[in-house]
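Here are a few friendly notes to read alongside the model.

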Amino acid sequence: MSGVRVWRALVGIESAVVERAEYDEDEQAVVVHVRAGRRQRSRCGICRRRCRGYDQGEGRRRWRHLDAGALRVWLEADAPRVACREHGVVVAAVPWARHGAGHTRAFDDQTAWLVTQASKSTVSQLLRVAWRTVGAIVTRVAADAIAERDPLAGLSRIGIDEISYKKGQRYLTVVVDHDTRRLVWAAPGRDKATLGRFFDALGPDRCARITHVTADQAAWIAEVVAQRCPDAVQCADPYHLVAWVSDALDEVRRGVWNEVRRAGSKQTAARLKGARYALWKNPGDLTQRQRAKLAWIAAANKPLHRAWELKEAFRRVIAVKGAHGRHLLDDWLAWASRSKLRPFVVLARRIRAHRPAIDNMLAHGLSNGLIESTNTKIRLLIRMAFGFRDTDALIALAMLALGGYRPNLPGRTN
Ligand SMILES: [Zn+2]
(Lines give C-alpha, C1' and ligand atoms only; values in the text may rest on other atoms or scores of the structure.)
Protein backbone atom coordinates (compact mmCIF):
# COMPACT_ATOMS: atom_id res chain seq x y z
CA MET A 1 0.00 0.00 0.00
CA SER A 2 1.48 3.35 -0.96
CA GLY A 3 1.73 6.17 1.58
CA VAL A 4 -1.01 8.12 -0.10
CA ARG A 5 -3.38 5.16 0.00
CA VAL A 6 -2.68 4.64 3.69
CA TRP A 7 -3.48 8.29 4.31
CA ARG A 8 -6.62 8.08 2.18
CA ALA A 9 -7.82 5.26 4.43
CA LEU A 10 -6.76 7.08 7.60
CA VAL A 11 -8.39 10.35 6.65
CA GLY A 12 -11.51 8.39 5.76
CA ILE A 13 -13.27 10.99 3.65
CA GLU A 14 -14.74 9.43 0.54
CA SER A 15 -15.16 12.45 -1.67
CA ALA A 16 -11.70 13.87 -0.94
CA VAL A 17 -8.63 13.17 -3.04
CA VAL A 18 -5.45 12.76 -1.01
CA GLU A 19 -2.46 14.28 -2.79
CA ARG A 20 0.33 13.72 -0.29
CA ALA A 21 1.15 13.77 3.40
CA GLU A 22 4.04 15.37 5.24
CA TYR A 23 5.28 15.76 8.78
CA ASP A 24 5.35 19.37 9.97
CA GLU A 25 8.24 19.67 12.48
CA ASP A 26 7.11 23.01 13.87
CA GLU A 27 3.55 21.89 14.50
CA GLN A 28 4.59 18.33 15.38
CA ALA A 29 1.68 17.25 13.28
CA VAL A 30 0.90 15.45 10.07
CA VAL A 31 -0.40 17.64 7.26
CA VAL A 32 -2.41 15.78 4.64
CA HIS A 33 -2.86 17.70 1.38
CA VAL A 34 -6.27 17.07 -0.11
CA ARG A 35 -8.67 18.39 -2.68
CA ALA A 36 -12.37 17.98 -3.18
CA GLY A 37 -13.43 15.24 -5.57
CA ARG A 38 -14.64 16.36 -8.99
CA ARG A 39 -18.35 16.21 -8.12
CA GLN A 40 -17.82 18.17 -4.91
CA ARG A 41 -15.92 21.05 -6.46
CA SER A 42 -17.23 24.56 -7.08
CA ARG A 43 -20.23 24.39 -4.81
CA CYS A 44 -21.60 27.15 -2.59
CA GLY A 45 -20.48 26.71 1.02
CA ILE A 46 -23.93 27.58 2.28
CA CYS A 47 -26.40 25.85 -0.05
CA ARG A 48 -24.01 23.42 -1.76
CA ARG A 49 -25.42 24.26 -5.18
CA ARG A 50 -23.01 24.26 -8.11
CA CYS A 51 -21.76 27.74 -8.90
CA ARG A 52 -19.37 29.66 -11.06
CA GLY A 53 -15.83 29.98 -9.68
CA TYR A 54 -14.91 33.43 -8.41
CA ASP A 55 -11.28 33.53 -7.25
CA GLN A 56 -8.69 31.69 -5.20
CA GLY A 57 -9.85 33.26 -1.92
CA GLU A 58 -7.10 33.46 0.67
CA GLY A 59 -5.09 30.53 -0.68
CA ARG A 60 -4.37 27.32 1.22
CA ARG A 61 -6.28 26.55 4.42
CA ARG A 62 -5.99 23.97 7.15
CA TRP A 63 -8.64 22.01 9.05
CA ARG A 64 -7.95 20.09 12.23
CA HIS A 65 -8.80 16.42 11.72
CA LEU A 66 -8.97 13.43 14.06
CA ASP A 67 -5.60 12.49 15.58
CA ALA A 68 -3.58 9.63 14.14
CA GLY A 69 -2.18 7.88 17.17
CA ALA A 70 -0.68 10.58 19.35
CA LEU A 71 -0.18 12.97 16.45
CA ARG A 72 -2.39 15.83 15.46
CA VAL A 73 -3.54 15.70 11.85
CA TRP A 74 -4.37 18.66 9.68
CA LEU A 75 -5.99 18.59 6.26
CA GLU A 76 -4.70 21.27 3.92
CA ALA A 77 -6.37 22.39 0.72
CA ASP A 78 -7.15 25.35 -1.52
CA ALA A 79 -10.12 27.37 -0.38
CA PRO A 80 -11.36 29.08 -3.54
CA ARG A 81 -14.44 31.28 -3.61
CA VAL A 82 -17.50 30.84 -5.79
CA ALA A 83 -20.28 33.20 -6.82
CA CYS A 84 -23.61 31.78 -5.70
CA ARG A 85 -26.76 33.24 -7.20
CA GLU A 86 -28.38 33.30 -3.79
CA HIS A 87 -25.49 33.80 -1.39
CA GLY A 88 -23.10 35.97 -3.37
CA VAL A 89 -19.34 35.43 -3.18
CA VAL A 90 -18.63 32.72 -0.61
CA VAL A 91 -15.88 30.22 0.14
CA ALA A 92 -16.60 27.02 -1.75
CA ALA A 93 -17.94 24.01 0.11
CA VAL A 94 -15.48 21.26 1.04
CA PRO A 95 -16.69 17.70 1.57
CA TRP A 96 -14.69 17.22 4.78
CA ALA A 97 -15.87 20.19 6.85
CA ARG A 98 -18.88 22.30 7.68
CA HIS A 99 -18.98 25.77 6.17
CA GLY A 100 -16.77 28.22 8.04
CA ALA A 101 -15.42 25.56 10.39
CA GLY A 102 -11.76 25.17 11.32
CA HIS A 103 -12.24 21.48 12.12
CA THR A 104 -13.33 18.61 9.94
CA ARG A 105 -16.81 17.14 10.16
CA ALA A 106 -15.36 14.00 11.75
CA PHE A 107 -13.58 16.05 14.41
CA ASP A 108 -16.75 18.06 15.06
CA ASP A 109 -18.87 14.93 15.39
CA GLN A 110 -16.44 13.20 17.71
CA THR A 111 -16.29 16.31 19.91
CA ALA A 112 -20.08 16.62 19.99
CA TRP A 113 -20.42 12.93 20.83
CA LEU A 114 -17.86 13.13 23.64
CA VAL A 115 -19.16 16.32 25.19
CA THR A 116 -22.50 14.67 25.96
CA GLN A 117 -20.82 11.97 28.01
CA ALA A 118 -17.60 13.19 29.53
CA SER A 119 -16.51 16.02 31.76
CA LYS A 120 -15.33 19.37 30.52
CA SER A 121 -11.69 18.70 31.38
CA THR A 122 -11.78 15.21 29.81
CA VAL A 123 -13.04 16.63 26.52
CA SER A 124 -10.63 19.54 26.51
CA GLN A 125 -7.56 17.46 27.37
CA LEU A 126 -8.29 14.44 25.23
CA LEU A 127 -9.13 16.43 22.11
CA ARG A 128 -6.69 19.28 22.78
CA VAL A 129 -9.23 22.01 22.11
CA ALA A 130 -10.16 25.17 23.98
CA TRP A 131 -13.52 25.03 25.73
CA ARG A 132 -14.80 27.98 23.73
CA THR A 133 -14.03 26.05 20.55
CA VAL A 134 -16.07 23.13 21.87
CA GLY A 135 -18.98 25.58 22.23
CA ALA A 136 -18.64 26.63 18.60
CA ILE A 137 -18.44 22.98 17.50
CA VAL A 138 -21.58 21.86 19.34
CA THR A 139 -23.41 24.87 17.94
CA ARG A 140 -22.73 23.92 14.33
CA VAL A 141 -23.25 20.18 14.86
CA ALA A 142 -26.63 20.77 16.51
CA ALA A 143 -27.70 23.26 13.82
CA ASP A 144 -26.88 20.70 11.12
CA ALA A 145 -28.74 17.90 12.87
CA ILE A 146 -31.80 20.03 13.58
CA ALA A 147 -31.91 21.11 9.92
CA GLU A 148 -32.15 17.43 9.03
CA ARG A 149 -34.80 16.37 11.54
CA ASP A 150 -37.35 18.89 12.77
CA PRO A 151 -37.62 18.62 16.56
CA LEU A 152 -41.11 20.11 16.44
CA ALA A 153 -42.57 17.36 14.24
CA GLY A 154 -45.32 15.18 15.66
CA LEU A 155 -45.83 16.93 19.00
CA SER A 156 -49.05 16.34 20.92
CA ARG A 157 -48.29 16.33 24.65
CA ILE A 158 -45.72 18.90 25.72
CA GLY A 159 -44.27 20.24 28.96
CA ILE A 160 -43.07 23.82 29.43
CA ASP A 161 -40.58 24.81 32.09
CA GLU A 162 -38.44 27.79 33.02
CA ILE A 163 -34.95 27.21 34.36
CA SER A 164 -32.86 29.87 36.05
CA TYR A 165 -29.14 30.28 35.57
CA LYS A 166 -26.44 32.84 36.37
CA LYS A 167 -27.67 32.89 39.99
CA GLY A 168 -31.26 33.49 39.00
CA GLN A 169 -30.35 36.46 36.83
CA ARG A 170 -31.24 34.79 33.55
CA TYR A 171 -33.72 32.19 32.44
CA LEU A 172 -34.27 29.58 29.79
CA THR A 173 -37.72 28.56 28.64
CA VAL A 174 -37.68 24.90 27.63
CA VAL A 175 -40.24 22.64 25.97
CA VAL A 176 -40.20 18.83 26.23
CA ASP A 177 -42.17 16.14 24.42
CA HIS A 178 -43.94 13.85 26.91
CA ASP A 179 -44.17 11.06 24.33
CA THR A 180 -40.57 10.85 23.14
CA ARG A 181 -39.25 12.29 26.44
CA ARG A 182 -37.00 14.60 24.46
CA LEU A 183 -36.13 18.24 24.77
CA VAL A 184 -37.58 19.87 21.65
CA TRP A 185 -37.01 23.59 22.11
CA ALA A 186 -35.20 26.05 24.35
CA ALA A 187 -34.63 29.80 24.27
CA PRO A 188 -33.31 32.46 26.61
CA GLY A 189 -35.95 34.46 28.50
CA ARG A 190 -39.12 33.71 30.39
CA ASP A 191 -41.98 35.80 29.18
CA LYS A 192 -44.88 35.74 26.80
CA ALA A 193 -42.80 36.89 23.84
CA THR A 194 -40.27 34.07 24.34
CA LEU A 195 -42.93 31.36 24.54
CA GLY A 196 -44.73 33.04 21.65
CA ARG A 197 -41.70 32.33 19.49
CA PHE A 198 -42.04 28.62 20.22
CA PHE A 199 -45.63 28.61 19.01
CA ASP A 200 -44.64 30.73 15.99
CA ALA A 201 -42.10 28.07 15.04
CA LEU A 202 -44.72 25.39 15.56
CA GLY A 203 -47.24 27.14 13.32
CA PRO A 204 -51.05 27.11 13.58
CA ASP A 205 -51.61 23.61 12.14
CA ARG A 206 -49.27 21.94 14.58
CA CYS A 207 -50.52 24.10 17.48
CA ALA A 208 -53.98 22.66 16.79
CA ARG A 209 -52.58 19.16 17.26
CA ILE A 210 -51.31 19.84 20.78
CA THR A 211 -53.64 18.00 23.17
CA HIS A 212 -51.94 18.44 26.58
CA VAL A 213 -49.62 21.03 28.06
CA THR A 214 -48.01 20.66 31.46
CA ALA A 215 -46.35 23.64 33.12
CA ASP A 216 -45.64 25.22 36.45
CA GLN A 217 -48.52 27.51 37.31
CA ALA A 218 -47.03 30.76 36.00
CA ALA A 219 -49.78 32.99 34.64
CA TRP A 220 -47.75 34.02 31.59
CA ILE A 221 -47.43 30.44 30.39
CA ALA A 222 -51.12 29.66 30.94
CA GLU A 223 -52.15 32.77 29.02
CA VAL A 224 -49.99 32.11 25.99
CA VAL A 225 -51.04 28.44 25.88
CA ALA A 226 -54.75 29.37 26.14
CA GLN A 227 -54.30 31.79 23.28
CA ARG A 228 -52.25 29.58 20.94
CA CYS A 229 -53.68 26.13 21.75
CA PRO A 230 -57.18 26.87 23.03
CA ASP A 231 -58.24 23.21 22.86
CA ALA A 232 -55.27 21.79 24.74
CA VAL A 233 -55.79 20.54 28.29
CA GLN A 234 -53.57 22.53 30.66
CA CYS A 235 -52.15 20.43 33.46
CA ALA A 236 -50.14 21.43 36.49
CA ASP A 237 -46.84 19.70 36.79
CA PRO A 238 -46.24 17.71 39.97
CA TYR A 239 -42.58 18.64 40.17
CA HIS A 240 -43.33 22.31 40.69
CA LEU A 241 -46.19 21.61 43.10
CA VAL A 242 -43.87 19.58 45.30
CA ALA A 243 -41.44 22.51 45.16
CA TRP A 244 -44.18 24.83 46.46
CA VAL A 245 -44.79 22.48 49.36
CA SER A 246 -41.07 22.18 50.12
CA ASP A 247 -40.87 25.98 50.18
CA ALA A 248 -43.71 26.14 52.70
CA LEU A 249 -41.97 23.57 54.86
CA ASP A 250 -38.75 25.55 54.71
CA GLU A 251 -40.58 28.70 55.73
CA VAL A 252 -41.98 26.91 58.79
CA ARG A 253 -38.48 25.65 59.64
CA ARG A 254 -36.99 29.11 59.39
CA GLY A 255 -39.79 30.55 61.54
CA VAL A 256 -39.23 27.94 64.23
CA TRP A 257 -35.48 28.45 64.06
CA ASN A 258 -35.79 32.22 64.52
CA GLU A 259 -38.09 31.70 67.49
CA VAL A 260 -35.70 29.29 69.15
CA ARG A 261 -32.76 31.58 68.49
CA ARG A 262 -34.54 34.58 69.96
CA ALA A 263 -35.37 32.49 73.01
CA GLY A 264 -31.63 32.02 73.42
CA SER A 265 -31.38 28.29 72.82
CA LYS A 266 -28.29 28.19 70.65
CA GLN A 267 -27.93 24.44 70.68
CA THR A 268 -31.50 23.77 69.54
CA ALA A 269 -31.17 26.44 66.85
CA ALA A 270 -28.04 24.76 65.49
CA ARG A 271 -29.73 21.36 65.49
CA LEU A 272 -32.71 22.79 63.62
CA LYS A 273 -30.49 24.41 61.05
CA GLY A 274 -28.78 21.09 60.45
CA ALA A 275 -32.12 19.36 60.02
CA ARG A 276 -32.81 20.99 56.70
CA TYR A 277 -31.89 18.01 54.53
CA ALA A 278 -33.61 15.53 56.82
CA LEU A 279 -36.82 17.50 56.25
CA TRP A 280 -36.37 17.86 52.52
CA LYS A 281 -35.44 14.38 51.49
CA ASN A 282 -37.86 11.58 50.75
CA PRO A 283 -38.04 9.33 53.82
CA GLY A 284 -36.68 6.38 51.85
CA ASP A 285 -33.48 8.29 51.05
CA LEU A 286 -32.67 9.38 54.62
CA THR A 287 -29.43 8.38 56.26
CA GLN A 288 -29.55 6.97 59.78
CA ARG A 289 -28.43 10.29 61.25
CA GLN A 290 -31.11 12.14 59.31
CA ARG A 291 -33.73 9.68 60.58
CA ALA A 292 -32.61 10.36 64.12
CA LYS A 293 -32.90 14.08 63.49
CA LEU A 294 -36.43 13.66 62.25
CA ALA A 295 -37.33 11.66 65.37
CA TRP A 296 -35.87 14.45 67.49
CA ILE A 297 -38.02 17.02 65.62
CA ALA A 298 -41.11 14.86 66.16
CA ALA A 299 -40.47 14.91 69.91
CA ALA A 300 -39.16 18.43 70.32
CA ASN A 301 -41.03 20.49 67.80
CA LYS A 302 -44.58 19.54 66.99
CA PRO A 303 -45.40 22.33 64.48
CA LEU A 304 -42.30 21.63 62.40
CA HIS A 305 -43.05 17.93 62.44
CA ARG A 306 -46.63 18.66 61.37
CA ALA A 307 -45.25 20.68 58.44
CA TRP A 308 -43.03 17.74 57.47
CA GLU A 309 -46.02 15.37 57.66
CA LEU A 310 -47.98 17.71 55.40
CA LYS A 311 -45.18 17.69 52.85
CA GLU A 312 -44.92 13.92 52.87
CA ALA A 313 -48.69 13.49 52.65
CA PHE A 314 -48.77 15.84 49.67
CA ARG A 315 -46.21 13.77 47.81
CA ARG A 316 -48.31 10.66 48.33
CA VAL A 317 -51.58 12.42 47.41
CA ILE A 318 -50.43 13.65 44.03
CA ALA A 319 -49.09 10.21 43.15
CA VAL A 320 -52.68 8.92 43.36
CA LYS A 321 -54.46 9.69 40.12
CA GLY A 322 -58.08 10.21 39.13
CA ALA A 323 -61.13 10.80 41.33
CA HIS A 324 -59.51 9.17 44.34
CA GLY A 325 -56.56 11.52 44.04
CA ARG A 326 -58.92 14.51 43.89
CA HIS A 327 -60.69 13.41 47.11
CA LEU A 328 -57.38 12.93 48.87
CA LEU A 329 -56.32 16.39 47.74
CA ASP A 330 -59.56 17.84 49.20
CA ASP A 331 -58.70 16.20 52.52
CA TRP A 332 -55.13 17.45 52.34
CA LEU A 333 -56.26 21.02 51.65
CA ALA A 334 -58.64 20.92 54.63
CA TRP A 335 -55.81 19.65 56.82
CA ALA A 336 -53.37 22.31 55.57
CA SER A 337 -55.94 25.07 56.15
CA ARG A 338 -56.51 23.91 59.72
CA SER A 339 -52.81 23.33 60.43
CA LYS A 340 -52.24 26.71 62.13
CA LEU A 341 -49.03 26.88 60.06
CA ARG A 342 -49.28 30.10 58.15
CA PRO A 343 -47.16 29.06 55.14
CA PHE A 344 -49.40 26.02 54.65
CA VAL A 345 -52.60 28.03 55.07
CA VAL A 346 -51.34 30.37 52.33
CA LEU A 347 -50.23 27.41 50.22
CA ALA A 348 -53.66 25.77 50.49
CA ARG A 349 -55.20 28.97 49.15
CA ARG A 350 -52.70 29.03 46.30
CA ILE A 351 -53.38 25.40 45.39
CA ARG A 352 -57.15 26.02 45.43
CA ALA A 353 -56.63 28.91 43.00
CA HIS A 354 -54.90 26.50 40.58
CA ARG A 355 -57.28 23.63 41.19
CA PRO A 356 -58.52 23.16 37.58
CA ALA A 357 -54.99 22.56 36.25
CA ILE A 358 -54.15 20.34 39.21
CA ASP A 359 -57.30 18.26 38.68
CA ASN A 360 -56.33 17.95 35.01
CA MET A 361 -52.93 16.71 36.15
CA LEU A 362 -54.56 14.08 38.37
CA ALA A 363 -56.96 13.09 35.59
CA HIS A 364 -54.41 12.79 32.77
CA GLY A 365 -51.44 11.50 34.73
CA LEU A 366 -48.60 12.81 32.56
CA SER A 367 -45.20 11.55 33.62
CA ASN A 368 -43.92 13.03 36.85
CA GLY A 369 -40.29 12.47 36.17
CA LEU A 370 -39.70 14.08 32.80
CA ILE A 371 -39.80 17.76 33.80
CA GLU A 372 -37.85 17.06 36.95
CA SER A 373 -35.12 15.08 35.22
CA THR A 374 -34.87 17.55 32.32
CA ASN A 375 -34.59 20.37 34.81
CA THR A 376 -31.82 18.57 36.72
CA LYS A 377 -29.91 17.64 33.57
CA ILE A 378 -30.12 21.14 32.11
CA ARG A 379 -28.74 22.54 35.36
CA LEU A 380 -25.72 20.25 34.92
CA LEU A 381 -25.35 21.32 31.28
CA ILE A 382 -25.53 24.98 32.32
CA ARG A 383 -22.53 24.36 34.58
CA MET A 384 -20.77 22.57 31.76
CA ALA A 385 -21.52 25.34 29.25
CA PHE A 386 -19.85 27.90 31.48
CA GLY A 387 -17.09 29.34 29.30
CA PHE A 388 -18.99 28.90 26.05
CA ARG A 389 -19.37 32.09 24.11
CA ASP A 390 -23.14 32.45 24.28
CA THR A 391 -26.47 30.92 25.22
CA ASP A 392 -26.85 29.45 21.71
CA ALA A 393 -23.98 27.08 22.51
CA LEU A 394 -25.64 26.05 25.77
CA ILE A 395 -28.91 25.36 23.96
CA ALA A 396 -27.07 23.43 21.24
CA LEU A 397 -25.41 21.28 23.91
CA ALA A 398 -28.81 20.67 25.52
CA MET A 399 -30.30 19.62 22.17
CA LEU A 400 -27.41 17.21 21.56
CA ALA A 401 -27.65 15.69 25.02
CA LEU A 402 -31.40 15.73 25.62
CA GLY A 403 -32.99 16.24 22.21
CA GLY A 404 -31.79 13.03 20.61
CA TYR A 405 -29.31 14.82 18.35
CA ARG A 406 -26.06 13.30 19.50
CA PRO A 407 -24.13 12.37 16.34
CA ASN A 408 -22.65 8.91 15.74
CA LEU A 409 -18.93 8.55 16.15
CA PRO A 410 -17.10 9.01 12.83
CA GLY A 411 -16.98 5.83 10.79
CA ARG A 412 -19.56 4.01 12.90
CA THR A 413 -23.27 3.63 12.46
CA ASN A 414 -24.26 3.62 16.11
ZN1 LIG B 1 -25.58 29.36 -2.09
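1. Overall make-up. The chain carries 16 helices and twelve strands. Its radius of gyration is 28 Å, well over the 22 Å that the globule rule gives for 414 residues, so the chain is more spread out than a compact globule. Please keep in mind that this is a predicted model.

2. Dimensions and burial. Taken along the principal axes, the C-alpha atoms fill a box of roughly 85 × 50 × 35 Å. Of the 414 residues, 36% count as buried. Among contacts between residues at least 6 apart in sequence, 57% join residues at least 24 apart.

3. What does α5 (residues 192-208) span between its end C-alpha atoms? The value is only 19 Å, whereas a straight helix of 17 residues would span 24 Å at 1.5 Å a residue. Do look at Leu202 here: α5 has a kink of about 85 degrees at this residue, shortly before the proline Pro204.

4. Which residues of α5 are buried? They include Leu202, the residue at the kink, along with Leu195 and Phe198. The buried residues of this helix pack against three strands, β8 (157-165), β9 (170-177) and β10 (182-188), and against helix α6 (219-228).

Methods
Residues numbered from 1 in each chain as written. Predicted model: local features only at pLDDT ≥ 70, side-chain atom pairs only at ≥ 80, totals over all residues. Helix = DSSP H or I, 4+ residues; strand = E, 2+ residues; numbered from the N terminus. Expected span 1.5 Å × (residues − 1). Bend = angle between axes of the 7 residues up to and from the residue. Buried ≥ 20, exposed ≤ 12 C-beta atoms within 10 Å, placed from the backbone. Contact = placed C-beta atoms within 7 Å. Rg over C-alpha atoms; globule rule 2.2 N^0.38 Å.
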